[in-house]
Amino acid sequence: MIESYEKAGKIVSKVRNDASKLINDGLAIIDLVEFVENEIIKEGGGIAFPCNVSVNEITAHYTSPPNDENIITSGDLVKLDLGAEVNGYIADSAITIIAKGGNDLSDDETNKNESLIEASDAALNVAISTVKAGVEVKDIGAEVEKTITDLGFSPIRNLAGHSLEQWNLHSGLSIPNVKDNRGEKLEEGDVLAIEPFVTDGVGYVVDIPTVNIFKFLKNRSFRLQYTKKVLNHIKRNYPYLPFSFRWLTEEFNSNRLNNSIRELSDSMAIYPYHTLREKSGAWVAQKEHTVIVEKEGCYITTV
Ligand code: MN
Ligand code: MN
């Protein structure tokens, strides 16, 4: 089990580092997403969830739809969030990069974006140094919040880290980015994805209508043959982990798929992960590592 977590972590770390070098002016988001997903497979892992590339005020849960025409431009604040699994044991990690090439932003704006990244870095480091068996999750949140507010920014209050289990990306525990009242304690062997988000806006995210990521929830019967076929495909290929609309279009026609996916979401056979945007439109930086809780600290699998 530990070996699988370690292998998944090494894959994520390598692919994250290779992919981050590609983040330049003019890069198509879909090319970045497909690079990451293909590299995870090449390195011997499974894709734990569709590669997320969330730009500027888009905070999380964006992956390319088929034929995505969105392009990264110079100065963009690009959050790359990726996950691999080995035997179902998951590594989840994210990094924020300022897209290079050209000079579209003022120096002040660029400096601020660098400071957002540094604050997400500092908050993650503090969180990780707090982790050990017996610590309450709210104490991690308090440290993250203090680190970020001391640097003059705000954490995103309604996004949190999470525990991981085999084939389960979000198992029971939440790791908050603010001080809250949760009394849960960490135990030796818990696996956690810790992910502070930092902004100079109001510090909340809201759903936007765009949905490109889904997760199977429960079996349902449908009258439409096509919808049955799509659900069977989902159950067979993605019974536990999130999947993207884009992956399904390798098997199904986009237009007909749209109708089926709507039917499946409406009846709660699948869960739609809406793309999240910072409520005030401010830009956001994120950093994430996966750690295994030990008696006197933790082991970072994705470093
Ligand atoms: Mn992540
Ligand atoms: Mn995560």
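**Terms and their grounds**

Guide: In this predicted model, helix 1 passes helix 2 in a right-handed crossing.

Visitor: What makes helix 1 and helix 2 roughly antiparallel?

Guide: Helix 1 (residues 2-20) and helix 2 (residues 29-42) pack at an angle of about 150°. Angles over 145 degrees count as roughly antiparallel, and the two helices are therefore roughly antiparallel to each other. Their axes are 10 Å apart.

Visitor: Which residues of helix 1 and helix 2 meet?

Guide: From helix 1 come I11, V15, D18 and A19, and from helix 2 come L32, F35, V36, E39 and I40. By class, this contact of helix 1 with helix 2 has seven nonpolar, no polar and two charged residues. Asp and Glu count as charged, and D18 and E39 are among the residues that meet here.

Visitor: Why is helix 3 called roughly antiparallel to helix 4?

Guide: Helix 3 (residues 107-130) packs against helix 4 (residues 137-150) at an angle of about 150°, with the axes 9 Å apart. The cut-off for roughly antiparallel is over 145 degrees, so helix 3 is roughly antiparallel to helix 4. The crossing of helix 3 and helix 4 is right-handed. Helix 3 contributes A119, A122, A123, V126, A127 and T130 to the contact, and helix 4 contributes I140, E143, V144, T147 and I148. By class, the contact has eight nonpolar, two polar and one charged residues.

Visitor: Which residues count as donors to the manganese ion (ligand 2), and at what distance?

Guide: D92 (OD), H162 (NE2), E195 (OE) and E288 (OE) coordinate the manganese ion (ligand 2), at 2.2 Å. D92 lies in strand 4 (residues 89-98) and E195 in the loop between strand 8 (191-194) and strand 9 (197-199), so the pair ties together parts that are 103 residues apart in sequence.

Visitor: Why are D92 and E288 described as buried rather than exposed?

Guide: Buried means under 20% relative accessible area. D92 has 4% relative accessibility and therefore counts as buried. E288, with a relative accessible area of 0%, is buried as well. E195 is also buried.

Visitor: What makes N67 and N87 stand out in their phi values?

Guide: Most residues other than glycine have a negative phi. N67, which is not a glycine, has a positive phi of about 60°. For N87, phi is near 55°, also a positive value in a residue other than glycine. N67 is placed in the loop between strand 2 (58-60) and strand 3 (77-86), and N87 in the loop between strand 3 and strand 4.

Visitor: Are N67 and N87 buried or exposed, and on what grounds?

Guide: Exposed means over 50% relative accessible area. N67 is at 70% relative accessibility and so counts as exposed. N87, with a relative accessible area of 53%, is exposed too.

Visitor: How do you know that G88 is buried or exposed?

Guide: G88 has a relative accessible area of 0%, and therefore it is buried. G88 lies in the loop between strand 3 and strand 4. G88 and Q166 are 78 residues apart in sequence, yet their C-alpha atoms are 4.9 Å apart in space. Not counting residues up to four places away in sequence, G88 touches E165, Q166 and W167.

Visitor: On what grounds is S54 classed as buried or exposed?

Guide: The relative accessible area of S54 is 2%, so S54 is buried. S54 lies in strand 1 (residues 46-55). Leaving aside neighbours within four places in sequence, S54 is in contact with T59, A60, H61, Y62, L77, V78 and K79.

Technical notes. Residues numbered from 1 in each chain as written. Chains lettered and ligands numbered in written order. Predicted model: local features only at pLDDT ≥ 70, side-chain atom pairs only at ≥ 80, totals over all residues. Heavy atoms only, no water. Donors = N, O, S within 2.8 Å, 3.2 Å for Na, K, Ca; no water. Helix = DSSP H or I, 4+ residues; strand = E, 2+ residues; numbered from the N terminus. Buried < 20%, exposed > 50% of the residue type's maximum accessible area, 1.4 Å probe, protein only. Axes fitted to C-alpha atoms, helices over the stretch in contact; angles between N-to-C directions. Parallel < 35°, antiparallel > 145°, perpendicular 65-115°, else oblique. Left-handed = near helix turned anticlockwise from the far one by under 90°. Contact = heavy atoms within 4.5 Å.
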